[in-house]
Amino acid sequence: RSHVACLSSSKITLGREKQTETPLRSPVWSCNEWDPLEEIIVGRVEGAHVPPFTEEVQAITVKRNWDFFKYRGGQPYPAAHLAKAAAEIETFCNILEQEGVTVRRPAIVDHSIEYKTPDFRSTGMHAAMPRDILLVIGDEIIEAPMAWRSRFFEYRAYRPLIKEYFQKGARWTTAPKPQMSDELYDKNYPDENDPNRHKITDQAKFVTTEFEPCFDAADFMRAGRDIFAQRSQVTNYSGIEWLKRHLGDKYNIHCLSFENGNPMHIDATLFIIAPGVVLSNPERTCHQIDMFKKAGWTVVYPPYPVIPDSHPLWMSSKWLSMNVLMLDTKRVICDVDEIPTVKMFEKLGIKPITLSIRHANSLGGGFHCWTTDIRRRGKMESYL
Ligand code: ABU
């Protein structure tokens, strides 16, 4: 297999004399969003809790949902809604397995427990969106530091899997944990409904400050040695800089910006579906789109989403329609009801495998957010 390039050996020294040479082949290998998918982690609905309504949560939520967060913060999401979401995610897992993908799941943990650090107190949220927290670059799993206090301990749900992958040869890094003290947040940040929000984000002002590095993994879109990042409400410049220095000269981190008053996670804004083919959200103009065009890439503007206003999306925009999962360059998992998007893929010669995870969408993510790649067959290449 092509990821033989990541074969490594570890020398284990036991006491003074004993030395064993153990050849390791990482079970983790994923370089981009489109190589043939072999193994994936799918998030969990079980135990999902509404995060406390802190400034970082308020900054990204629309006013009509504020009462929901104010009254339910720290409590479980509505049970009937969660039951439907759980059934959808089970179906999603079954479809992935039918398509030949090994599916792994995070542990069930209790997100209701209140925790207190020297800097803050909070309850947890969920282990629904592995894409937000785990960034796989080649054979390395990087645990993102996150930026929400309610997500500080989210990594715990993934540790049984990560330890297993580590024991089998994967590299494992935890980015520096932020203190998440008050200095990380702008308490006076204008809310999502402020007509000046676009101008504010254009001036690179976000609810998170540069007090310390923070980032969510979902603010990075991988194309081999080219990785596209955005400064967002949860990813700051020092977080991007940390990743850049950590990965070193072999990788190019391209920092992009968009016309978007509420950036949080790049994968419903810019999505690379094949070598040199990028979906660019038509409502969120990419200021650097010429970079792709000059490099000969095809830029595709996906159609507007059709999800009705009446459907609750507590944590995201409707653009989850373009938050798809590529099984390879010829098969994509996308929403059965997003007919214009389905047709776009058919036109591109990509077979849509469709289902609905609408109730699961309400927790903040589409198929890409609900998963993280563990293994795709392919090589680490440069595309720009
Ligand atoms: N967490 C992905 C959602 C991003 C968005 O709605 O733009």
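A: Strands E7 (residues 134-137) and E8 (residues 140-143) pair in the antiparallel sense, over four bridges. Strands here are DSSP E runs of at least two residues and helices are H or I runs of at least four, numbered from the N terminus; two strands pair if DSSP finds at least two bridges between them. This is a predicted model: local features need pLDDT of at least 70, side-chain atom pairs count only at pLDDT 80 or more, and totals for chains, interfaces and linings use all residues. Residues are numbered from 1 along each chain as its sequence is written.

Q: What is the bridge partner of leucine 134 in E8?
A: Glutamate 143.

Q: And which residue takes a positive phi in the hairpin of E7 and E8?
A: Glycine 138, with phi near 65 degrees; the hairpin has two residues between the strands.

Q: Which way do the E7 residues point, and are they buried or exposed?
A: Leu134 and Val136 point one way, Leu135 and Ile137 the other, and all are buried. Buried means that 20 or more other C-beta atoms lie within 10 Å of the residue's own; exposed means 12 or fewer, partly exposed is in between, and C-beta atoms are placed from the backbone. In a regular strand, side chains alternate between the two faces of the sheet.

Q: Moving on. Where is leucine 184?
A: Leucine 184 is in the loop between strand E9 (171-174) and helix H6 (197-202). It counts as buried because it has 22 C-beta neighbours inside 10 Å.

Q: What is it in contact with, leaving aside neighbours within four places in sequence?
A: Leucine 184 contacts Pro178, Thr208, Thr209, Phe211, Glu212 and Cys214. Contact means C-beta atoms, placed from the backbone, within 7 Å.

Q: Now the sheet with E10 in it. What is the strand order?
A: E10-E11-E12, an open sheet of three strands with mixed pairing. Its edge strands are E10 (220-223) and E12 (252-256), each pairing on one side only. The twist averages 20 degrees from one strand to the next, with axes fitted to C-alpha atoms (for helices over the stretch in contact) and angles running from 0 to 180 degrees between N-to-C directions.

Q: How do E11 and E12 pair?
A: In the parallel sense, over five bridges, with E11 covering residues 226-230. Glutamine 230 stands opposite leucine 256 in E12.

Q: And the sheet with E16?
A: That one is also open, with three strands in the order E16-E17-E18 and mixed pairing. The edge strands are E16 (325-328) and E18 (351-355), and the twist averages 30 degrees from one strand to the next. E17 (residues 331-335) runs parallel to E18, joined by five bridges, and cysteine 334 stands opposite threonine 354 in E18.

Q: Which helix lies across E17 and E18?
A: Helix H9 (residues 339-347), running at about 170 degrees to E17.

Q: What about the ligand: how does its shell divide?
A: Five nonpolar residues, six polar and no charged. Among the residues around the ligand are Met264, His265, Trp319 and Cys369; the cut-off is a C-beta atom, placed from the backbone, within 6 Å. Ala, Val, Leu, Ile, Met, Phe, Trp, Tyr, Cys and Pro count as nonpolar, Asp, Glu, Lys and Arg as charged, and the others, Gly among them, as polar.

Q: Last one: how many helices and strands in the chain?
A: Ten helices and 19 strands. Buried residues make up 45% of the 384 residues.

Technical notes:
Two residues are in contact if their C-beta atoms, placed from the backbone, lie within 7 Å.
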